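Dear colleague,

I am handing over the structure we spoke about, and below it you will find an account of what was found. Please read the notes on method together with the findings.

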Amino acid sequence: MDNNEKMMVGRVMLSMMKSLMPELIQKLGYDEADVAMAKIFGDDFEQHKEELWQWYDLEIAPILNNLRSKKCIQEVDDK
């Protein structure tokens, strides 16, 4: 695999992780979501872990908190 292909695969993996992470956090909580992401994505998650958590904390969590405050989505404990 050449460098361009590796970069493309890396971007796809990062996108997949970003699409799954919020759902896992909502269903499992932070600690268990971290474990699940590591099991699913292995080394790719470990390489991007810090970036993913910063993305979640800075971009996604505020949106979800706003939706929760408006009762648009349920809290994890409500299930």
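**The nonpolar core**

In this predicted model, the largest nonpolar core has 18 residues, of which Met17, Met21, Met37, Phe45 and Tyr56 touch the most other members. A nonpolar core is here a set of buried Ala, Val, Leu, Ile, Met, Phe, Trp, Tyr and Cys residues joined through side-chain atoms within 4.5 Å, where buried stands for under 20% relative accessible area, exposed for over 50%, and partly exposed for what lies in between (1.4 Å probe, protein chains only). Two or more residues of this core come from each of the elements H1, H2 and H3, and H3 gives the most, with 8 residues. Met37, when residues up to four places away in sequence are not counted, touches Met17, Leu20, Met21, Leu24, Gly42 and Phe45, a contact being heavy atoms within 4.5 Å.

**Conventions**

Residues are numbered from 1 along each chain as its sequence is written, and side-chain values use heavy atoms, with hydrogens and water left out. As the model is predicted, local features need pLDDT of at least 70 and side-chain atom pairs count only at pLDDT 80 or more, whereas totals for chains, interfaces and linings use all residues.

**The chain as a whole**

The chain has 3 helices and 0 strands, and read along the sequence it follows the pattern α-α-α; helices (H or I, at least four residues) and strands (E, at least two) are DSSP runs, numbered from the N terminus. The C-alpha trace spans about 50 × 20 × 15 Å along its principal axes. Of the 79 residues of the chain, 29% count as buried, and the accessible surface comes to about 5700 Å², of which 53% belongs to carbon and sulfur atoms; these areas come from the Shrake-Rupley method with a 1.4 Å probe, and for residues only the protein chains shown count as cover. Among the contacts in the chain with a separation of 6 or more, 52% are between residues 24 or more positions apart.

The buried residues of H3 are Phe45, Leu52, Trp53, Trp55, Tyr56, Ile60, Ala61, Leu64 and Arg68, and they pack against H1 and helix H2 (30-41). After H3 comes Lys71, whose phi is positive, near 65°.

Leaving aside neighbours within four places in sequence, Lys18 is in contact with Leu52 and Trp55. Lys18 and Tyr56 are 38 residues apart in sequence, yet their C-alpha atoms are 8.2 Å apart in space.

**Salt bridges**

Side chains of opposite charge can pair when their charged atoms come close. With a salt bridge taken as a side-chain nitrogen of Lys or Arg within 4 Å of a carboxyl oxygen of Asp or Glu, the count comes to 2 salt bridges.

One of them joins Asp34 and Lys49, at 3.2 Å from N to O; since Asp34 lies in helix H2 and Lys49 in helix H3, the pair ties together parts that are 15 residues apart in sequence. Asp34 counts as buried at 19% relative accessibility, while Lys49 is partly exposed at 25%. Apart from residues up to four places away in sequence, Asp34 touches Phe45, Lys49 and Trp53.

Glu23 forms a salt bridge with Lys27, the closest N and O atoms being 2.9 Å apart. Both residues lie in helix H1, 4 residues apart, which is about one turn of the helix. Glu23 is partly exposed at 39% relative accessibility, whereas Lys27 is exposed, with a relative accessible area of 51%.

**A nonpolar surface patch**

Met8, Val12 and Met16 make a nonpolar surface patch of about 280 Å². Patches are made of residues with over 30% relative accessible area and no salt bridge, like charges being joined within 9 Å and nonpolar side chains (Val, Leu, Ile, Met, Phe, Trp, Tyr) within 5 Å.

With kind regards
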